[in-house]
Amino acid sequence: MPRTPHPAPHLRVMSVLGLLAALLLPLGMTFAPGALAAPTAEPVRVMPLGDSITGSPGCWRAVLWNRLVNSGHKDIDFVGTLPPQGCGQAHDGDNEGHGGELVTNVADQNLLPGRLASTRPDIVVMHFGTNDVWSSVAPDRILAAYTKLVTQMRASNPDMRILVAQLIPMNPSSCAGCAQRVVDFNARIPGWARATGTDRSPVTVVDQWTGFSTAADTYDGVHPNASGDDKIAARWFPALSAVLDAGVPQDPGDPGDPGEDPAACTARFRAVSSWQGGYQGEVTVTNTSASAVRGWTATVVPANGARLTQLWNGSLSTAADGTATVRNAAWNGTLAPGASATFGFVATAPATAGTPAATVTCTGSAPVA
């Protein structure tokens, strides 16, 4: 006998919805089928940021991804402008690990803002600076680049959560001094993080150095092998998992939305005068946004071992590494669009420091309502 065709499942659903609508219409009630589905939150977007240790192929990312998923973190999305490079296990391989890059070059050339705009991360996981250390770039310069990148991250997302690694050890045959230079640089990172982190956008230091062996955990004294990938993932996991468990604010909105921190200001350093063992400098902070801001914070990283000792027109806090954080005074924090405020300082410097120089950045607080 010929079989009686049955309606497709989606047609049966629509028939039920139609019947329900017919019953409700006499009561003056209507509904849309879409209203039956609860809105779902977007996945948390995590950007792995660094050089070849992160991206070429950076198989610790695969280990970390699977450990997060297996522990219950389903709504995550690793993001980056670079695609995965294998690693032999299924994972979300998007990343921002550019082989050979120096963090100082990324900062100097302003490469990060475009990458952030393309991927919109909520969390950045950063192991960056190995090539700078190998190239004998001074720790002050590397940390100044870190500060600039953090400022750019917060401009992209004022609530950015930032995890920064103390670098894995390095001992390549072609660089006798690299091992100690990594130790020296890593010692500076915690102080920098304390000075840079905020309640709204914390910076968490993750120790990737301790317990990592260049002999057992790398294949060339620099890049991790499978054992090294496991160790790196194991160190990232508790820190990243804690951030995910705590929850991160999402959808910061478009620049200029009411209540948003636009982070739209610039800072400019000028040496006023100098003498043997010190100098006087000043920094001008300018609001470059279209809205007034109610406060600003500037970061000053003096070059060549200088240290700020006195400051006026602001409040000063100084980290152990010499990085200075300056917050506006009560009377000069509100800046109209295009307006500026200037603070001055005296710095001590070694006799061999040379011409006064400093790297300065700033962030603006929420717009005035």
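Q: Is Cys87 buried, partly exposed or exposed, and what decides which word applies?
A: In this predicted model, Cys87 has a relative accessibility of 23%, and therefore counts as partly exposed, since buried means under 20% and exposed means over 50%. Cys59 comes out at 15% relative accessibility, so this residue counts as buried.

Q: Which residue is joined to Cys87 by a disulfide, and how should I read such a link?
A: A disulfide is a covalent bond between the sulfur atoms of two cysteines. Here Cys87 is joined to Cys59, with a distance of 2.1 Å from S to S. The torsion about the S-S bond of Cys59 and Cys87 is about -90°, and so this disulfide is left-handed.

Q: Where in the chain do Cys59 and Cys87 lie?
A: Cys59 belongs to the loop between α2 (52-55) and α3 (60-70), while Cys87 belongs to the loop between β2 (76-78) and β3 (96-97), so the pair ties together parts that are 28 residues apart in sequence.

Q: How many disulfides does a search of the whole structure find, and which cysteines form the others?
A: The search finds three disulfides. One of them is formed by Cys175 and Cys178, whose sulfur atoms are 1.9 Å apart; with 90° about the S-S bond, this link is right-handed, and both Cys175 and Cys178 are buried. Another joins Cys265 to Cys362, with 2.2 Å from S to S, and this pair links distant parts of the chain, Cys265 being in strand β7 (residues 265-275) and Cys362 in strand β14, 97 residues apart. Cys265 counts as buried at 13% relative accessibility, and Cys362 is buried as well, with a relative accessible area of 4%.

Q: What is the order of the strands in the open sheet that includes β14, and how are they paired?
A: Strands of a sheet pair through backbone hydrogen bonds, either parallel or antiparallel. In this case four strands form an open sheet in the order β11-β12-β9-β14, and the pairing is antiparallel. Because β11 (314-318) and β14 (358-364) stand at the edges, each with a single partner strand, one side of each is left without a neighbour in the sheet. On average, neighbouring strands of this sheet are turned by 20° against each other, direction ignored.

Q: How many bridges join β9 to β12, and which residue stands opposite Val300?
A: Strand β9 (residues 296-302) and strand β12 (residues 324-328) run antiparallel and are joined by four bridges, and Val300 stands opposite Ala324 in β12.

Q: Which helix lies across β9 and β14?
A: That is helix α7 (residues 139-156), which runs at about 15° to β14.

Conventions: Residues are numbered from 1 along each chain as its sequence is written. This is a predicted model: local features need pLDDT of at least 70, side-chain atom pairs count only at pLDDT 80 or more; totals for chains, interfaces and linings use all residues. Side-chain values use heavy atoms; hydrogens and water are left out. Two strands pair if DSSP finds at least two bridges between them. Helices (H or I, at least four residues) and strands (E, at least two) are DSSP runs, numbered from the N terminus. Axes are lines fitted to C-alpha atoms, for helices over the stretch in contact, and angles run from 0 to 180 degrees between N-to-C directions. Contact means heavy atoms within 4.5 Å. A disulfide is a pair of cysteine sulfur atoms within 2.5 Å. Buried means under 20% relative accessible area, exposed over 50%, partly exposed in between (1.4 Å probe, protein chains only).
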